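Here are some friendly notes to read alongside the model. Please keep the picture open and find each residue as it comes up.

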Amino acid sequence: MQVEPDPAVPGHPEITVIGDLAAAMSHAPGQEPQPVPGVSPAAKQMGRLAAANLQRRLRGEPTQPLRYRDYGNLATIGRNSAVVDLTSPSARSASAATGRGCSGCSRTCTS
Ligand SMILES: Cc1cc2nc3c(=O)[nH]c(=O)nc-3n(C[C@H](O)[C@H](O)[C@H](O)COP(=O)(O)OP(=O)(O)OC[C@H]3O[C@@H](n4cnc5c(N)ncnc54)[C@H](O)[C@@H]3O)c2cc1C
């Protein structure tokens, strides 16, 4: 479903759609809106924003738009194997901050 930037249903600010159901756009300052991918981190970020925006609405404050932060992608490809993509700037800084490439791994990936 196409949603507003905050990401409410058009014409129904009291209803928020998040996760895979939302055809949401990311609204980073100074950039054109970008489609948000249908992945778990995006769903979690939308959930946090939905809760925060609900609290803002209860306080009578304006809601905030979704700004998706790409911290990288990881997919398991077997019982003991996974592939990880840490090529985005957010992913690189998150990896550097923790000193870990991904959960359970003590190596920091460089590419
Ligand atoms: C095969 C596959 C592999 C994937 N791999 C990755 C990956 O490696 N990394 C990644 O980040 N993302 C991955 N994804 C995407 C990720 O799973 C989704 O983006 C994420 O789960 C979306 O979260 P959601 O909360 O929107 O939906 P869901 O996680 O699908 O949650 C929806 C929930 O609602 C429940 N539900 C449905 N209908 C009703 C109803 N009528 N009443 C009550 N409950 C209901 C469902 O049972 C489900 O628990 C993958 C998806 C698939 C299908």
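1. **Ground rules and overview.** This is a predicted model, in which local features need pLDDT of at least 70 and side-chain atom pairs count only at pLDDT 80 or more, while totals for chains, interfaces and linings use all residues. Residues are numbered from 1 along each chain as its sequence is written. The protein chain has 2 helices and 6 strands; here helices (H or I, at least four residues) and strands (E, at least two) are DSSP runs, numbered from the N terminus. Read from the N terminus, the order of the elements is β-β-β-β-α-β-β-α. Of the 111 residues in the protein chain, 18% are buried. A residue counts as buried if 20 or more other C-beta atoms lie within 10 Å of its own, exposed if 12 or fewer, and partly exposed in between, with C-beta atoms placed from the backbone.

2. Now colour the buried residues of H1: Ala42, Gln45, Met46, Leu49, Ala50 and Asn53. They cover an arc of only 145° around the axis, so they sit on the same side of H1; the arc is that of the directions from the helix axis to the C-beta atoms. An α-helix has 3.6 residues a turn, so residues three or four places apart point the same way. The buried residues of H1 pack against strand S2 (12-16). On the face turned away from the buried side you will find exposed residues, including Lys44, Arg48 and Gln55.

3. **After H1.** Gly60 follows H1 and has a positive phi, near 80°. Further along, Thr63 is placed in the loop between H1 and S5. Is Thr63 buried or exposed? Thr63 is buried, because 20 other C-beta atoms lie within 10 Å. Leaving out residues up to four places away in sequence, Thr63 touches Asp6, Asn53, Arg56 and Arg57; a contact means that the C-beta atoms, placed from the backbone, lie within 7 Å. Thr63 and Pro5 are 58 residues apart along the chain, yet their C-alpha atoms are separated by 9.2 Å.

4. **The start of the chain.** Look for the cis peptide bond that joins Asp6 and Pro7, where omega is about -20°. Pro7 belongs to the segment before strand S1 (8-9). Most residues other than glycine have a negative phi, and most peptide bonds are trans.

5. S1 and S2 run antiparallel and are joined by 2 bridges; strands pair if DSSP finds at least two bridges between them. Ala8 stands opposite Thr16 in S2. There are 2 residues between the strands of this hairpin, and Gly11 takes a positive phi near 85°. Val9 lies in S1 and is partly exposed, with 15 other C-beta atoms within 10 Å. Val9 touches Val3, Ile15 and Val17, not counting residues up to four places away in sequence.

6. Strands S5 (residues 73-76) and S6 (residues 82-85) pair in the antiparallel sense over 4 bridges. Ala75 stands opposite Val83, and Thr76 has Ala82 as its bridge partner. This hairpin has 5 residues between its strands, and Gly78 in the turn has a positive phi of about 155°.

Methods:
Two residues are in contact if their C-beta atoms, placed from the backbone, lie within 7 Å.
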